[in-house]
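Q: I would like to learn how to read the strands, helices and contacts of a protein model. Could we work through them one feature at a time?

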Amino acid sequence: MIASLYLIALVLQWLFTTVQTYYVEKFGQSVLEELRARIHKKIITANIDFFKDKKTGDLVSRIINDTGMVNDVLVSGLLGGIGSTLSLVGIIGAMLYLDVKLTLVVLLSVPVMVFVAKHFGGKIRTAYRQTRREIARISSVVEEGVSGIETVKAFGQERKVEEEFEEASKGAVRAYIKVAFYMGLFWPLMNISSLLSIVLVLAYGGYLAYMGAISVGTVVAFIQYTQRFRGPINEVVSMYDSLQSALAALERIYEVIDDPNMEVFDGIRVEKLEGHVRFENVWFWYEEGKPVLRNINIDIPPGTTIALVGKTGAGKTTMANLIMRFYDPKRGRILYDGLIGTGINKESLRSRISYVPQETYLFPGSVMENIKIAKPGSTDEEVVNVCRQLGIHEFIERLPKGYDTPAGEAGKLLSVGEKQLISIARAMLKNPDIVILDEALSSVDPKTESLVQHAILKLMEGRTSIIIAHRLTITRHADRIIVIDNGKIIEEGGFKDLLTRRGKFHELYSSQMTVKPMVER
Ligand code: M5T
Ligand code: MG
């Protein structure tokens, strides 16, 4: 009968282990999924300030490595932990049943272990924290090296990047060795303190047996139990170790999730704008004490075009960032159709504005797909129509695979001019009320340039447009030109007006007109 009971126990063990493994893993994966989703959501919805001091590789590492670490611990910890706790309860129960005093003697080692664990816990966690950071540094170095590969090669920086990588990689090794050092001190201490109980059982139990208070059998049983006690205790302790590592990883995860830089999407939703944009005493700075825009006042009536011109670093892109509400003014306000910007729902506001940034970002995928992102659910015909209107349909058709030409990672397969045209097509497809164009200072050939210029004018037609002009020829099409210098408006007026005034604009314009032929042709 005992043999068949044993067999049944085996079958049950097999069954429960299977079920346990499956459900614990399933639980772990669902927690992992939730954690990953939370960080990712945070990253994608954070405001632009959030990204100022973040590295892509580090963020990626938090999503992949740190959450993975938490999952490992959750799964192995749960598996080991539940089983071990049950065994411990069982063993202690059996010991108590046999002899209470002797049990208390065995348990004397527990406070010692708790003391050891407490003492080393902080040190081990600090060391683990360092390992998490070093792992993240490795992925940052790789990410930066690959995304800047042209610059790396052009400046012969391969060796330097390699060295940085080695340094990060060695840093990780150093951090892990530190963990190993503390663990090396910690484990034997734990082991010895649990083995000390056997000494105590032998001494005290031996004495009791000698005095005839308990049987020798009880002492033998206690020694057996104390030894069986060690397994689960070790399990719980190693769980404690992985818990330290998981806590270090969790800290990094919650650093991102709890970051206060959140994009807030409240405020009234706008469905359609007339396009009246007004800057009222706008001040802005990225860093406290270093104003980038100083008391800007501009009124852009609906449907008109203004051109922003000025030296590099004057604050032009910053103005575009403010209109897009990537940032809000530090002082003063921006009004859209008379509504205060900070009271408008950002999502709805941005859906009415097309922003053609200074540098075009293309996603992996075809030209067609890249244009379509401006209006999810749009058809191929719509895209082709838009390109026809812009006068760039033939140009795109002439690409190696026409609209199906792959853009490559970050648009690496296309030329600057081609990217610009895609960016303009995107802006047009969105059919916005306001257009912001940060026209890049790229030298495309004259034919492409006139194509680009024609497309830009088409895009601006009938819309409130803010064009940041690096090539000043296009400013002749603007209703008003605003010259910015060092964050201040220093001159404004119509094209002819400004030229005849012979002020700052005239200076900029004539310098470009005389220099340009020498540079470009
Ligand atoms: C104006 C600083 C930049 C410059 C000043 C975009 C950005 C700018 N700056 C930051 O500190 N952080 C930022 O994220 O602000 O810069 P800008 O508005 O980009 O100038 P620009 O567009 O007129 O210049 P350019 O070269 O595009 O013609 O001091 O350091
Ligand atoms: Mg700029």
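**Reading strands, helices and contacts**

A: Let us start with strand S3, which is mostly covered, six of its six residues being buried, where buried means under 20% relative accessible area, exposed over 50% and partly exposed in between, with a 1.4 Å probe and protein chains only. This is a predicted model, in which local features need pLDDT of at least 70 and side-chain atom pairs count only at pLDDT 80 or more, while totals for chains, interfaces and linings use all residues. Residues are numbered from 1 along each chain as its sequence is written, chains are lettered from A and ligands numbered from 1 in the order in which they are written, and side-chain values use heavy atoms, with hydrogens and water left out.

Q: Which residues of S3 lie on one side and which on the other?

A: In a regular strand the side chains alternate between the two faces of the sheet. In S3, Thr305, Ala307 and Val309 lie on one side and Ile306, Leu308 and Gly310 on the other, and all are buried, which leaves both faces covered.

Q: In what order do the six strands form the open sheet?

A: Strands of a sheet pair through backbone hydrogen bonds, either parallel or antiparallel. Here strands are DSSP runs (E, at least two residues), as helices are (H or I, at least four), both numbered from the N terminus, and two strands pair if DSSP finds at least two bridges between them. The order is S6-S7-S8-S3-S9-S10, with mixed pairing, and the edge strands, each pairing on one side only, are S6 (353–356) and S10 (488–493).

Q: With which strands does S3 pair in the parallel sense?

A: S3 (residues 305–310) pairs with S8 (residues 464–468) in the parallel sense over four bridges, where Thr305 has Ser465 as its bridge partner and Leu308 stands opposite Ile468. S3 also pairs in the parallel sense with S9 (residues 480–485), over five bridges, and there Ala307 stands opposite Ile481.

Q: At what angle do helices H4 and H7 pack?

A: Two packed helices are described by the angle between their axes and the distance between the axes. H4 (residues 109–147) and H7 (residues 216–257) pack at an angle of about 40°, with their axes 8 Å apart; axes are lines fitted to C-alpha atoms, for helices over the stretch in contact, and angles run from 0 to 180 degrees between N-to-C directions. That makes H4 oblique to H7, because angles under 35 degrees count as roughly parallel, over 145 as roughly antiparallel, 65 to 115 as roughly perpendicular and the rest as oblique.

Q: Is Ser366 buried or exposed, and what is Ser366 in contact with?

A: Ser366 lies in the loop between S6 and helix H10 (367–372), and Ser366 counts as buried because its relative accessible area is 11%. Contact means heavy atoms within 4.5 Å, and, leaving aside neighbours within four places in sequence, Ser366 is in contact with Tyr403, Asp404, Thr405, Pro406 and Ala407.

Q: How does Arg331 read by the same terms?

A: Arg331, found in strand S4 (residues 331–336), counts as partly exposed because its relative accessibility is 46%. Not counting residues up to four places away in sequence, Arg331 touches Asn281, Val282, Trp283 and Trp285.
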